Every structure is written in structure tokens, then in C-alpha cells.
Amino acid sequence: MNHLIDPYLFEQQYAAFRKYVYEKSGMPFGSFKHNHYTRDEEGYKYSIHLKGTDALAFQAWKKSDIGTGDIVDATISAIEFDENNLVQWQARFGEAARPHHPLHEAKNTGTKIKEIETSLWELFHEDKDAQSFENIVTIFGKKYPIVAYLFFLKDSSRYLPIAPTYFDRSFGYLGVEFKTAYKCSWENYIGFISVISGVKALLSEVISSEVTLLDAHSFVWMLSNQMEEEGKLPDVSEYLSLSETERKTLVNARIGQGQFRKWITTVRLII
């Protein structure tokens, strides 16, 4: 499966993104932090991470807390707050349908408390994330949003929240043949992070200020969540109708053109 970003498609999507943000904000896009539209629309994720980690307070956990229910309580608090739209934690379809229901079940019945709190302790205090991912999936099932959210709380510089349907569509707009829907696994999650990291590298070539992994996440998210829904994506049908050889010819013909040359170099470095 191809995880590489098509440099031509990235160029077209980024140009459309800049135009879209200008229309929304009335000012040229310089960075995610300094444009009021992108800051207001996407900056909430930084606040969610801060509020979630404050509620979790995992640095204060002691091993003796395992089995007491305190770790489960803290994790519930780190999920259930009004601003948190990264996990659909509200009981809209009944208590049992909530993605973190196993936490409430353990709290109310006392069953599996030690097992669950051991897995949570290891996630936040030990450096064996691949195994922790599998352990967390054992607790919640293959429910990407809740699993990825907990990893995001652990380290937002390395891990990201995920809404598979939207990101899969956006990846397609960038020429990336990678799917996350119904594929919740450590290997798939690392693939997802790798694609976003590639986007981050490309954005860093065209944005003068620092680009974070979460900024790249926002760019990809906005392609499908906002721009697609408002009909603001560029028309790349002519390019997509070309054969692979014709696409390569077009890309090679543009390599000498300033910024495009930098993108090509970055894509090759990512490989």
C-alpha cells in the first residue's frame, strides 16, 4: 500500500487551503497559530489535551493505586468534559454504547478493575506502546477514537486523535492509498501517524513558522471536514485521469520550479 503523498496533489490542496482560509479570515494564511480562523477552528485540540491531561494527572499515579478504582475515575474525568469532541462520550445511544463504557462497568461492578488499571498504568508510565495499544484495544475493543485519544493524552507530540472516515477521505485527496476505517491496530495507527508526519514535513517547507504534528493533523482534517463539505477542494480530475507514467512526466517537468522542487525533495527524504 502506498503511503506516499503525491507532491502535485499536495501543491493543489495546499493552494486551495490558503485560498479557503483567506476567504474565512480576511487575511493571508501564514501559520495555524497566527491566523485567527485556523486558531479558532482547530486550536481547541490543544485545550482538550491540556484539560484532559490535567484531569488524568497520571504523573501523580502510584502503583499502589492499581485496583483501587482511582485510575479508572481519573480516566473517566479525562474523557467526560463538555469541550471534548474528540471522543463521542455522551450517552446519545445508551450508556452501553459509549466508547468508554468498560470503565463505567468496571467502576460499578468492581470487575476487571485491576486488569484495566494495570493496562492504563503501563500505557502512561512505561515505554512499551505497541503492547499497550493491544492492551487498550482489549479493554475498549477496536474503537479507534477512544484508543487514539488516550495515546494523544500520553504524548501529543507523537500521537494524534483520529476520526477514520474523514482522514481516509483526506488521504485520498493527497494521493495516499491508506485506510484506517475498521483497521484499528498498532501497525495501522503508526501508519496513520507516518502519513501525518509526511504532511508536516511538506507544510514545513512552505510555512515559515514552526509546524507541529497537530497542525498537520488540522490541515488534513480540514480538507474533508470543511473544504469538501463547502465545495472548496480544487478540481484535480484532469490530473487523476492521467496514467501513472503521464503523472510522473508532469511532476518531473515541474521539479525545477522553485517550491515544487522542495516538495519533491521532501517526499523523497520521507521515503
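This is a predicted model: local features need pLDDT of at least 70, side-chain atom pairs count only at pLDDT 80 or more; totals for chains, interfaces and linings use all residues.
**Exercise 1.** Determine whether Thr38 is buried or exposed, and what surrounds Thr38.

*Solution.* 
- Thr38 sits in helix 2, residues 36–42.
- Apply the cut-off. Buried means under 20% relative accessible area. Thr38 has 1% relative accessibility, so Thr38 counts as buried.
- List the contacts. Leaving aside residues up to four places away in sequence, Thr38 touches Phe17, Val21, Phe29, Ser31, Phe32, Gly43 and Met222.
- Check the side chain. A polar atom of the Thr38 side chain lies 2.9 Å from the backbone oxygen of Phe32.

**Exercise 2.** Describe the lining of the second largest pocket.

*Solution.* 
- Start with volume. The second largest pocket has about 370 Å³.
- Count the lining. There are 18 residues, and Leu86, Gln88, Pro145, Ile162 and Ala163 lie nearest the centre.
- Sort by class. The lining has 13 nonpolar, three polar and two charged residues.
- Trace the helices. Helix 3 (44–56), helix 8 (144–154) and helix 11 (213–228) each supply at least two residues. Helix 8 gives the largest share, three residues.

**Exercise 3.** Find which parts of the chain the salt bridge between Glu230 and Lys24 links.

*Solution.* 
- Check the distance. The closest N and O atoms of Glu230 and Lys24 are 3.1 Å apart.
- Locate the partners. Glu230 is in the loop between helix 11 and helix 12 (237–240), and Lys24 is in helix 1 (residues 7–25). The two are 206 residues apart, so the pair links distant parts of the chain.
- Glu230 is partly exposed at 37%. Lys24 is also partly exposed, at 37%.

Conventions: Residues are numbered from 1 along each chain as its sequence is written. Side-chain values use heavy atoms; hydrogens and water are left out. Helices (H or I, at least four residues) and strands (E, at least two) are DSSP runs, numbered from the N terminus. Buried means under 20% relative accessible area, exposed over 50%, partly exposed in between (1.4 Å probe, protein chains only). A polar contact is a pair of N or O atoms within 3.5 Å; within protein, one must be able to donate a hydrogen and the other to accept it, and residues adjacent in sequence count only if both atoms are side-chain atoms. Contact means heavy atoms within 4.5 Å. On a 1 Å grid over the protein atoms alone, a cavity is a set of points where a 1.4 Å probe fits but cannot get out, and a pocket is an open set with protein on both sides within 12 Å along at least five of seven lines; lining residues have an atom within 4 Å of a point. Grid points are joined across faces, edges and corners, and a volume is the space filled by probe spheres set on the points. Ala, Val, Leu, Ile, Met, Phe, Trp, Tyr, Cys and Pro count as nonpolar, Asp, Glu, Lys and Arg as charged, and the others, Gly among them, as polar. A salt bridge is a side-chain nitrogen of Lys or Arg within 4 Å of a carboxyl oxygen of Asp or Glu.
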